[in-house]
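Hi everyone, thanks for coming. Let me put the structure up, and then we can walk through a few parts of it together.

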Amino acid sequence: VLLLSDPKVNRSSASLEVGAGSYSDPAHRQGLAHFLEHMLFLGTAKYPDVTDYGNYLRSNGGYNNAFTAGSRTNYHFEIRHEAFEGALDRLAQFFIAPLFTPEFTEREMNAVNSENQKNLENDLWRNYQLHKTLYRPGHPANHFSTGNRQTLGGTTHDELLAFYHTHYSADRMAL
């Protein structure tokens, strides 16, 4: 845990990084780490409403985001000081008791697919994809990291849980 304080700043923020990203994707489920990133935002045992986290942040002048890289996945937020503890508790629940509600699987698969579609028109993203082809075949960086409906179609609840339990443990996280 790294803690920084600056009395001149009127915002609080937190970032949690998991030491697992797209390089951890199973060969037959490219994009699974990214898909899991999306699914974590959709309710927890303590805060089951799928809109709770986002609504809490917005109502307290905050925002959040996340990204999945090759060897890591990052979740972060910024909020007013007075609401920091509540936001941190909500974020922590992603890693304590996420729901992974099956009814939202299709919706988030579509969100991942849309994100991929958007990237197809981005020159920086195309350059990144081209660069990845330079890795030797079989190297984790030489695969499709974002995922889409094709690579994620048929993903079961058990597969998602297995990936989560394998890679999302405290010894692989930094706050």
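Strands here are DSSP runs of E with at least two residues, helices are runs of H or I with at least four residues, and both are numbered from the N terminus. This is a predicted model, where local features need pLDDT of at least 70, side-chain atom pairs count only at pLDDT 80 or more, and totals for chains, interfaces and linings use all residues. Residues are numbered from 1 along each chain as its sequence is written, and side-chain values use heavy atoms, with hydrogens and water left out.

So, the hairpin: S2 and S3 form it, with four residues between them. The two strands run antiparallel, and six bridges join S2, residues 63-68, to S3. Asn-65, for instance, has His-76 in S3 as its bridge partner.

Now the core. A nonpolar core is a set of buried Ala, Val, Leu, Ile, Met, Phe, Trp, Tyr and Cys residues joined through side-chain atoms within 4.5 Å, and buried means under 20% relative accessible area with a 1.4 Å probe, protein chains only. The largest one has 33 residues, and Phe-35, Leu-36 and Tyr-75 are among those touching the most other members. Helix H1 (32-39) and strand S3 (73-80) are among the elements that give two or more residues to this core. H1 gives the most, with five.

What is Phe-35 in contact with, leaving aside neighbours within four places in sequence? Counting heavy atoms within 4.5 Å as contact, the partners of Phe-35 include Thr-105, Met-109, Val-112 and Leu-160. Happy to take questions!

How values were computed: Buried means under 20% relative accessible area, exposed over 50%, partly exposed in between (1.4 Å probe, protein chains only). Two strands pair if DSSP finds at least two bridges between them.
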